[in-house]
Amino acid sequence: MLQPIAWIALALVHLMPAIAFFRPATLTALYGINADNRLFLLMHHRAALFLAVVVACLWAAWRPEARQVAGLVTAISMLGFLWLFWRAGSPAPLRTIARVDLFGLPVLAFALWGAFKPS
């Protein structure tokens with residue numbers, strides 16, 4: 001019962017940036033990037049990738065056979081951002097995102113343990 005809850009929690013961690021795929025104005029609210037910025041299209045595409053992470057996590061919540069792949073994708077997303085954030089000197093405008101990912105790491109660890117533990 002706890003594994004599906006962990007996967008849903010991980011989906012929720014990625015939900016807000018995924019919403020920007022459907023509501024591009026969210027990119028301005030989240031990241032301060034306006035539609036006339038050259039990076040707007042790239043960030044909009046990034047929102048599509050977050051949507052893929054959300055879908056993978058929700059799939060894993062109900063389909064245990066999807067958990068290993070979903071776990072790897074989610075780990076790459078969260079750990080990749082945290083590593084890049086740290087390498088960039090922990091920029092203040094991105095601290096909230098880093099905190100959400102940091103708080104999500106124990107949930108990710110639990111989900112990965114469930115996905116990869118021997119049967």
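Predicted model: local features only at pLDDT ≥ 70, side-chain atom pairs only at ≥ 80, totals over all residues.
Is glycine 71 buried or exposed? Its relative accessible area is 0%, and because buried means under 20%, glycine 71 counts as buried.

As for what surrounds it, if we leave aside the neighbours within four places in sequence, glycine 71 is in contact with Trp7, Leu108 and Leu112. Along the chain, glycine 71 and alanine 111 are 40 residues apart, and yet their C-alpha atoms are separated by 7.0 Å.

Let me turn now to the pairing of α4 with helix α3, which spans residues 40-62. The axes of these two helices come within 9 Å and cross at roughly 145°, and the crossing is left-handed. On the α3 side the residues involved are Phe50, Val53, Ala56, Cys57, Ala60 and Ala61, and they meet Arg67, Ala70, Val73, Thr74 and Ser77 of α4. Sorted by class, this contact has eight nonpolar, two polar and one charged residues.

That brings me to the largest nonpolar core, which has 18 residues, and in which those with the most contacts inside the core include Trp7, Cys57, Ala70 and Leu108. Two or more residues each are given to this core by α1, α3, α4 and α5, with the largest share, seven residues, coming from α3. Cysteine 57, again leaving aside neighbours within four places in sequence, is in contact with Trp7, Leu10, Ala11, Ala70 and Thr74. Finally, there is a second, separate core of six residues, among them Leu27, Phe40, Met43 and Ala47.

Note on methods
Residues numbered from 1 in each chain as written. Heavy atoms only, no water. Buried < 20%, exposed > 50% of the residue type's maximum accessible area, 1.4 Å probe, protein only. Contact = heavy atoms within 4.5 Å. Axes fitted to C-alpha atoms, helices over the stretch in contact; angles between N-to-C directions. Helix = DSSP H or I, 4+ residues; strand = E, 2+ residues; numbered from the N terminus. Left-handed = near helix turned anticlockwise from the far one by under 90°. Nonpolar A, V, L, I, M, F, W, Y, C, P; charged D, E, K, R; others polar. Core = buried A, V, L, I, M, F, W, Y, C linked by side-chain atoms within 4.5 Å.
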